[in-house]
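Trainee: I would like to learn how to read burial and sheet packing from a model; could we work through one case together?

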Amino acid sequence: MKTYLIIDTKLVAYYLFHRHQDIFGSMNLIADLASKNLPKNKFGNIIPIFVMDKGQSRRVKIFKDYKAHRKDLIKKQGEAYVKKQKQFEKNYQKMEKLYRIYGKTLNIQGLEADDLASIIASFSKVDKIVFGTSDSDWVKFMIDDRFSMLHINRQKLIPFSSLAVEFDVPNPTYKLFKDVFCGVKKENVSGLKRLGEKTFKKLVNKAGLELDNLKEEVNELLSKGKIFLPDDVNNLDELVDRNLTLFTPMSVDDMLEEEKQEFKKQWQMPSSKNVNEILDFTAKNFDNIHLPSSLEKKFFNLA
């Protein structure tokens, strides 16, 4: 049995950052959570895959305000926080080469960690796929019981069968359509005004998860003045088309040819898993040396 453990590296790093812990703790955190929640008799050989954002997301070309609010949110935290944030970003970017020592690492210009996780999920034939994240958006990639989430914040494994209970999302299509019609605040993408989760649930109960049927119900609410279009679109079709493009999970077929080539190159790149390389790299690139714990060595097969 083989399991891919796809690690949301930025989220894990931020988890530690907000707890005033060293970014190197990412490795031990993953090793600890995986060891406790992914027993070998159920998950077999676990292959860790580190996925990273790189550069400006291709979604900005579709919608220029995509995630544009995040810099302002950081500034509001004050000068001291901004300084810490800048140092965090510098350290995080350096981590790419360290991740590559530990395991398979993907970092492709214009693609986000979410995209890479979705792409892997779209072609993988392994027995199980575990997403190491706390991002509920990744629920959209969990299409059957091969999938589960090793939730970083909740410190537990969430199987496919528990999605409805844990995230109030009955299935991936529901999550996608909710994002399309309601928008996603954390991504700075607008949805219909005054259309909240409760109203959306009622629409789904009435129309089902058929896009055309949902649009009919929404148009009726629009005509009655119960909900409203956001200011940045001219009509419902424009909103739906834009948000579907932004939020529909990526597959291999959505990749550009140069992205496919780079993906293949990085996917095939071997990891040395050498402790001495870890010591040398961290000594040269960080303020302190990282000595892997015994748990890290065991889980990542370091030598």
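Mentor: Buried is taken as under 20% relative accessible area, exposed as over 50%, and partly exposed as in between, using a 1.4 Å probe and protein chains only. E112 is buried, with a relative accessible area of 5%. This is a predicted model, in which local features need pLDDT of at least 70 and side-chain atom pairs count only at pLDDT 80 or more, while totals for chains, interfaces and linings use all residues. Residues are numbered from 1 along each chain as its sequence is written, and side-chain values use heavy atoms, with hydrogens and water left out.

Trainee: Which side chain makes a polar contact with the side chain of E112?

Mentor: A polar contact is a pair of N or O atoms within 3.5 Å; within protein, one must be able to donate a hydrogen and the other to accept it, and residues adjacent in sequence count only if both atoms are side-chain atoms. Here the partner of E112 is the side chain of Y66, at 2.9 Å. With contact meaning heavy atoms within 4.5 Å, E112 touches M52, D53, S57, R59, Y66 and K67, leaving aside residues up to four places away in sequence.

Trainee: Where does E112 lie?

Mentor: Helices (H or I, at least four residues) and strands (E, at least two) are DSSP runs, numbered from the N terminus. E112 sits in the loop between strand 3 and helix 7 (113–123).

Trainee: In what order do the strands form the sheet?

Mentor: Two strands pair if DSSP finds at least two bridges between them. The order is 3-2-1-4-5-6 in an open sheet of 6 strands with mixed pairing. Strand 3 (104–107) and strand 6 (156–159) are at the edges with a single partner strand each, so one side of each has no neighbour in the sheet.
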